[in-house]
Amino acid sequence: MTDEEPITPIPQPPAADPLKLAIGERLFSDPRLSADGKLSCSSCHDLRINGARGSAAHRGSSPLDTPTIFNASLNFRLNWEGNFRSLSAHAESSLENPVNLRTTVDEVVRKLNADAVVVRDFRTAYGRPPDRDSFLDALVTFERSLLTPGSRFDRWLGGDGSALSATELEGYRLFKSFGCSSCHQGVNVGGNLFERQGVFRQLVAGPPETVRVPSLRNVATTAPYFHDGSAATLQDAVKRMAAAQLDRTLTDQQMASLVAFLQTLTGNYRGSPVGGIAP
């Protein structure tokens with residue numbers, strides 16, 4: 001490796017008040033965050049697998065595939081269309097979504113204040129019972145902790161020359177030389193600019209035409225791919241991206257090398273690789 005790679009390693013999660021972090025973690029899986037008490041953040045962002053829903057069949061009423069919550073705090077915008085600038089704004093919008101959680105921050109806070117244990121915990125952590133600011137702060141504090149450092153690629157970036165095989169290194173070379181890293185770079189291997197889908201030919205059938213470039217962190221665990229979930233496998237996604245965005249037809253060897261490289265981007269959450277963990 002050199003000192004001028006287009007990708008930088010994921011850092012460790014930021015320091016956080018453990019009391020606030022614990023509250024946020026409980027809230028993330030609390031069904032009181034939905035109008036009917038049946039859904040929570042974790043219903044769509046399953047931390048046991050990939051921080052998202054595992055297949056297109058589980059997108060429910062949303063027309064867009066669910067992006068992973070892992071490393072979301074490293075993106076410059078949130079959602080496929082990049083229409084949120086902060087985790088708190090995104091959380092509030094998710095609560096108000098009329099086809100999913102169907103509630104409001106104020107309604108959730110009302111429910112939390114009816115729980116003596118929750119009120120006690122908020123008083124201990126924030127010095128006051130649950131209110132709008134403390135509720136959103138606790139939830140965001142937990143979401144910021146959902147970083148996945150320690151991928152094999154990050155170990156290679158850190159100087160471990162044995163972390164990658166020759167095939168994986170060739171895949172990374174192709175990733176750079178073909179221009180993939182023009183959009184997928186930085187700490188999140190994407191997530192920091194907008195791009196038009198289908199530069200040379202159609203990539204997906206429906207809108208939006210322009211999306212926030214998704215992160216490729218943990219990409220081997222987050223099938224299906226694209227905002228409509230229309231690519232079932234990583235191989236299919238790479239092939240379609242090469243044709244639509246780069247006007248390239250990949251050989252079998254190039255495909256295998258690129259996929260091998262992408263599989264090295266799987267990081268760790270709480271000491272286990274993303275994709276098969278038990279938080």
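1. Basis. This is a predicted model, in which local features need pLDDT of at least 70 and side-chain atom pairs count only at pLDDT 80 or more, while totals for chains, interfaces and linings use all residues. Residues are numbered from 1 along each chain as its sequence is written, and side-chain values use heavy atoms, with hydrogens and water left out.

2. Main core. The largest nonpolar core has 32 residues, and those with the most contacts inside it are Leu27, Leu33, Leu47, Phe135 and Leu139. (A nonpolar core is a set of buried Ala, Val, Leu, Ile, Met, Phe, Trp, Tyr and Cys residues joined through side-chain atoms within 4.5 Å; buried means under 20% relative accessible area, exposed over 50%, and partly exposed in between, with a 1.4 Å probe and protein chains only.) At least two residues of this core come from each of α1 (18-28), α3 (87-96), α4 (105-113), α5 (116-126) and α6 (132-144). The largest share, six residues, is supplied by α6. Helices (H or I, at least four residues) and strands (E, at least two) are DSSP runs, numbered from the N terminus.

3. Leu139 and the second core. Leaving aside residues up to four places away in sequence, Leu139 touches Gly24, Leu27, Phe28, Leu33, Cys41 and Ala91; contact here means heavy atoms within 4.5 Å. A second, separate core of 31 residues includes Trp156, Leu164, Tyr225 and Leu258.

4. Helix α1. Which residues of α1 are buried? They are Ile23, Gly24, Leu27 and Phe28. These residues lie on the same side of α1 because they cover an arc of only 140° around the axis, the arc being that of the directions from the helix axis to the C-beta atoms. Their cover includes α2 (41-44), α4, α5 and α6. At the N-terminal end, α1 is capped by Asp17, a side-chain oxygen of which lies 2.8 Å from the backbone nitrogen of Leu19.

5. Cysteines. With a disulfide defined as a pair of cysteine sulfur atoms within 2.5 Å, the count comes to zero. Cys41 is in no disulfide, and the nearest cysteine sulfur, in Cys44, is 8.8 Å away, which is too far for a bond. Cys41 is itself buried, with a relative accessible area of 14%.

6. The whole structure contains 18 salt bridges, each a side-chain nitrogen of Lys or Arg within 4 Å of a carboxyl oxygen of Asp or Glu. One of them joins Glu107 to Arg110, with the closest N and O atoms 2.6 Å apart. Glu107 and Arg110 are three residues apart in helix α4, so about one helical turn separates them. Glu107 is partly exposed, at 27% relative accessible area.

7. Arg152 and Glu168 meet through their side chains at 2.7 Å, N to O. Arg152 is in α7 (residues 152-157) and Glu168 in α8 (residues 166-177), so this pair ties together parts 16 residues apart in sequence. Arg152 is partly exposed at 29%, whereas Glu168 is buried at 11%. Asp154 forms a salt bridge with Arg217 (3.0 Å, N to O). Because Asp154 lies in α7 and Arg217 in the loop between β2 (210-212) and α9 (234-246), the pair ties together parts that are 63 residues apart in sequence. Asp154 is buried, with a relative accessible area of 6%, and Arg217 is buried, with 2%.

Key. A polar contact is a pair of N or O atoms within 3.5 Å; within protein, one must be able to donate a hydrogen and the other to accept it, and residues adjacent in sequence count only if both atoms are side-chain atoms.
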